[in-house]
Amino acid sequence: MASAKEILSEKLLFWLNKYLEKKYSFKYLIEVFIPKSYISKLPNDSIKKIPNYTSFDFKPDILGILQSKENPNIVKLIFVNRSTSSLSLKEIGEIICYSRIANPEEAFLISPKALANEVNLILFDKAMQTNILSYQDKFVKIGKFDGERVLHIFPR
């Protein structure tokens with residue numbers, strides 16, 4: 001019997017694939033999967049084209065890989081972390097750390113229950129939202145999964 005996390009991961013795998021196809025398929029080849037090991041250890045030739053990939057000793061719950069159709073040496077990552085419970089600062093800290101190391105094109109933190117109340121209050125402050133969710137020139141996107149779609153919550 002599959003656990004709630006495994007079921008959520010499979011549903012989000014399907015969602016991410018559809019999202020990336022719609023947004024990036026005109027320019028990129030798309031690969032989406034649940035990594036079995038650290039990004040740095042994956043036997044994937046596309047990942048090996050990313051500078052400093054050997055330092056990516058972590059694994060997001062779901063990984064998307066975008067490889068440019070025009071220039072196969074251009075490879076971008078997409079991270080999705082998920083939780084079956086309300087999202088806390090712990091989950092935010094994990095995905096933001098991954099994102100600051102690897103600078104993915106997009107990073108998502110998703111739960112069917114959205115944010116814990118105390119985190120929600122913190123993130124309503126724009127300055128705190130920027131400090132907590134930003135990496136490079138991007139933001140981790142926090143969303144609530146309704147079973148089919150991800151409803152965008154932060155950043156606003």
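This is a predicted model: local features need pLDDT of at least 70, side-chain atom pairs count only at pLDDT 80 or more; totals for chains, interfaces and linings use all residues.
**Stop one: two helices**

Start by selecting helix 2 (residues 89-102) together with helix 4 (residues 126-133). Their axes come within 9 Å and cross at roughly 60 degrees, so helix 2 is oblique to helix 4. Now show the side chains where they meet: Ile92, Ile96 and Arg100 on helix 2, and Asn131, Ile132 and Leu133 on helix 4. Sorted by class, this contact has 4 nonpolar, 1 polar and 1 charged residues.

**Stop two: the largest nonpolar core**

Next, select Leu63, Phe79, Ile92, Leu115, Leu123 and Ile142. Of the 33 residues in the largest nonpolar core, these touch the most other members. Among the elements that each supply at least two residues of this core are strand 2 (62-68), strand 3 (75-82), helix 3 (117-123) and strand 6 (138-145). Helix 2 gives the most, with 5 residues.

Zoom in on Leu123, whose contacts include Ile92, Leu115, Ile132, Leu133 and Phe154.

**Stop three: a serine in a strand**

Finally, go to strand 4 (residues 106-111) and select Ser111. Is Ser111 buried or exposed? Ser111 counts as buried, because its relative accessibility is 0%. Look for its side chain reaching the backbone oxygen of Ser85 at 2.7 Å. Then display some of the residues that Ser111 touches, including Ser83, Thr84, Leu87, Gly143 and Phe145.

Notes:
Residues are numbered from 1 along each chain as its sequence is written. Side-chain values use heavy atoms; hydrogens and water are left out. Axes are lines fitted to C-alpha atoms, for helices over the stretch in contact, and angles run from 0 to 180 degrees between N-to-C directions. Helices (H or I, at least four residues) and strands (E, at least two) are DSSP runs, numbered from the N terminus. Angles under 35 degrees count as roughly parallel, over 145 as roughly antiparallel, 65 to 115 as roughly perpendicular and the rest as oblique. Contact means heavy atoms within 4.5 Å. Ala, Val, Leu, Ile, Met, Phe, Trp, Tyr, Cys and Pro count as nonpolar, Asp, Glu, Lys and Arg as charged, and the others, Gly among them, as polar. Buried means under 20% relative accessible area, exposed over 50%, partly exposed in between (1.4 Å probe, protein chains only). A polar contact is a pair of N or O atoms within 3.5 Å; within protein, one must be able to donate a hydrogen and the other to accept it, and residues adjacent in sequence count only if both atoms are side-chain atoms. A nonpolar core is a set of buried Ala, Val, Leu, Ile, Met, Phe, Trp, Tyr and Cys residues joined through side-chain atoms within 4.5 Å. Lists of a residue's contacts leave out its neighbours within four places in sequence.
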